There are 4 protein chains.
Amino acid sequence: MSDMKLDIAHSALLVMDFQTKVVEGYVVDQDRLLSATDGVIAAARHHGLRVIYVVVAFRTGFPEISPYNKVFSALKASGGVAAEIHPRIAPAAGEIIVTKRRVSAFMGTDLDMILRSNGIHTLVMCGVVTGGVVLSTCCHASDTDYRVLVLRDCCSDIDQSAHALLVEKIFPRHATILTSIELIHILKG
Amino acid sequence: MSDMKLDIAHSALLVMDFQTKVVEGYVVDQDRLLSATDGVIAAARHHGLRVIYVVVAFRTGFPEISPYNKVFSALKASGGVAAEIHPRIAPAAGEIIVTKRRVSAFMGTDLDMILRSNGIHTLVMCGVVTGGVVLSTCCHASDTDYRVLVLRDCCSDIDQSAHALLVEKIFPRHATILTSIELIHILKG
Amino acid sequence: MSDMKLDIAHSALLVMDFQTKVVEGYVVDQDRLLSATDGVIAAARHHGLRVIYVVVAFRTGFPEISPYNKVFSALKASGGVAAEIHPRIAPAAGEIIVTKRRVSAFMGTDLDMILRSNGIHTLVMCGVVTGGVVLSTCCHASDTDYRVLVLRDCCSDIDQSAHALLVEKIFPRHATILTSIELIHILKG
Amino acid sequence: MSDMKLDIAHSALLVMDFQTKVVEGYVVDQDRLLSATDGVIAAARHHGLRVIYVVVAFRTGFPEISPYNKVFSALKASGGVAAEIHPRIAPAAGEIIVTKRRVSAFMGTDLDMILRSNGIHTLVMCGVVTGGVVLSTCCHASDTDYRVLVLRDCCSDIDQSAHALLVEKIFPRHATILTSIELIHILKG
């Protein structure tokens, strides 16, 4: 990876589903994940890489949830999840937050519109959980011709074997896999 | 139209772009439009027809607007438009508001997801302007197999000949055209 | 229009629904429409503007048609329409043909994918009928940030007042309106 | 699974990317996969479960492939893949074949349109490879509120640990996992 270059002006860092309740509920080593992600976000801001947050949230009464959706019917029954982003990696003033209603950050949102309107063709992904928002967003992004980078230590899954296999065997079919430290080196040029 | 029936439980009334600034800027006879639309909304609520509002609005700095979009580049240059819905037809507590960034209510929004999640297959449309949000949303809705009704006196366009022609010659290719009074009769059964 | 420039390498000419049966069924002055369109296609090929054809067609038994779609249920009941493009403006070897199942050329097709994969951001539109495929495709293209040009004499509608109003009052909200002769002058540089 | 019911009239069996060259190139135990899939297809036809085939194919010159798409740029460079479906599981007369240009069966195709037009809400999936077409199509289908069943022995991946992990840990988040034998029992009622 050491010779990789990133076209910063046409890239964005996607920070996905880092809501306090998601981090607390699904992450084994919270401090490690939050430290790595916080470091990447700080470096992104310093070097002018645009940071875009994605959260999952619903209107009162959950009108966006189909009774036929297995994942979200269960979430609705459990009372949903608060949209608040973890304070250790909170958005800065003016940073975009995209609110989604399904697993993928593209489904039923204006994310694609925002990315294309700003000439962004490369997406650097962080997210919780690896086998949820990161997987579905990565598959969609690849199929719509974005270049995708996944930061392996800025993703986490309650099932660590699932995380490892996705990062090692599935994501590389669509994406370049990096650590947060590798990305920071690339940003420093 | 007198024998038409509406499957109320699987229908929704879409009230589109009735923002104060849009109504003030583009409607010739504001009182007539607002009275007719207010009457339909009241009847809808009374008879259990779901009311969904659509507004056009942007994040600070307009990151959703492409420099290549003719319509919205002009809007951005003019400073945008306030999202506030006209107080005479304001949403009731709990009614859904969908925020869009383009002309069509479907583009980059969760409207289709909400409609399908609630089993809604028929859309009754009101909007400003006729040749803007109503036209683009009607074309999209028809092509995605919704049954469409357009309330002709609850739509308005700064160009009255354009309004007349769309309502008489173009919309009937995709939709059933009604007046607000006709819809209220249908709702009364 | 005389000082307008076209970025030919990033543009495409869309020739939509020029099927023999559509031309015969919906066009008043067929020779005039076909001559103008044939002239534009020849100039496009000569100057390297990519030509993309769009046709409406269905599999045997019309499995793509919803019983709830007003436009296409009627088409299905009438036996459909042959996909054959009018011989006076037939595709050249290697030119792309996109097959659609609804009014808009974007709905359920790979048109957007093809355009983006080839860096095309400007669409020059011809089609039958003006208030059908041209209108719906123009609205969709504008909302997805393509720059749109409509060739007014290469579009036709069974209703000539509808054609005139769309070309004069509705399309200019989204697009630049040209004649075929004006486009040919622009192509000649 | 023994008490599971399938609403056959509103379901479809998706047979995805079973092209001869894909089966020969990516499947370890071809005979086992083809036997299981052939058995399911025969049972589906016998009991009236609609069978829909999905293949990946391109126009001459690959105009659908973006130079920025990692997966398909590599495929284009290798000369592509023949669209011919393996003769042991060939489509019957009148069965729908959907042609796609990306990994997911929904991307840039009319699959969603066909499914909704026919009232299909449940998808039973077979495909090669598990971590390609099955994974991306499953994620998309779940997020658009289809109920998904994956037939584990009718999917295959060149990487058997990836297949096992997806089927055991990732797909169950979105889908019900069955064997072909279990599905055949359910079809028999």
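1. Conventions. Residues are numbered from 1 along each chain as its sequence is written, and chains are lettered from A, with ligands numbered from 1, in the order in which they are written. In this predicted model, local features need pLDDT of at least 70, side-chain atom pairs count only at pLDDT 80 or more, and totals for chains, interfaces and linings use all residues, while side-chain values use heavy atoms, leaving out hydrogens and water.

2. Salt bridges overall. Side chains of opposite charge can pair when their charged atoms come close. Over all chains, the structure holds 48 salt bridges (a side-chain nitrogen of Lys or Arg within 4 Å of a carboxyl oxygen of Asp or Glu).

3. A pair within chain A. A:E95 and A:R45 form a salt bridge through their side chains, at 2.8 Å from N to O. A:E95 sits in the loop between α3 (70-77) and β3 (96-100) of chain A and A:R45 in helix α2 (residues 30-47) of chain A, so the pair links parts that are 50 residues apart in sequence. Helices (H or I, at least four residues) and strands (E, at least two) are DSSP runs, numbered from the N terminus. A:E95 is buried, at 19% relative accessible area, and A:R45 is partly exposed, at 36%. Buried means under 20% relative accessible area, exposed over 50%, and partly exposed in between (1.4 Å probe, protein chains only).

4. A pair between chains. The side chains of C:K169 and B:D159 form a salt bridge of 3.3 Å, N to O. This pair crosses from helix α6 (residues 160-170) of chain C, which holds C:K169, to the loop between β5 (147-156) and α6 (160-170) of chain B, which holds B:D159. C:K169 is partly exposed, with 32% relative accessibility; B:D159 is buried, with 19%.

5. A pair within chain C. C:E64 and C:R101 meet in a salt bridge of 3.7 Å, N to O. C:E64 is in the loop between β2 (50-56) and α3 (70-77) of chain C, and C:R101 in the loop between β3 (96-100) and α4 (111-117) of chain C, so parts 37 residues apart in sequence are tied together. C:E64 is buried at 0% relative accessibility, and C:R101 is buried at 11%.

6. A network. A:R59, A:E64, A:R101 and B:D110 are joined into one network by salt bridges that share partners.

7. Helix α5 of chain B. After α5(B) comes B:D145, with a positive phi near 75°.
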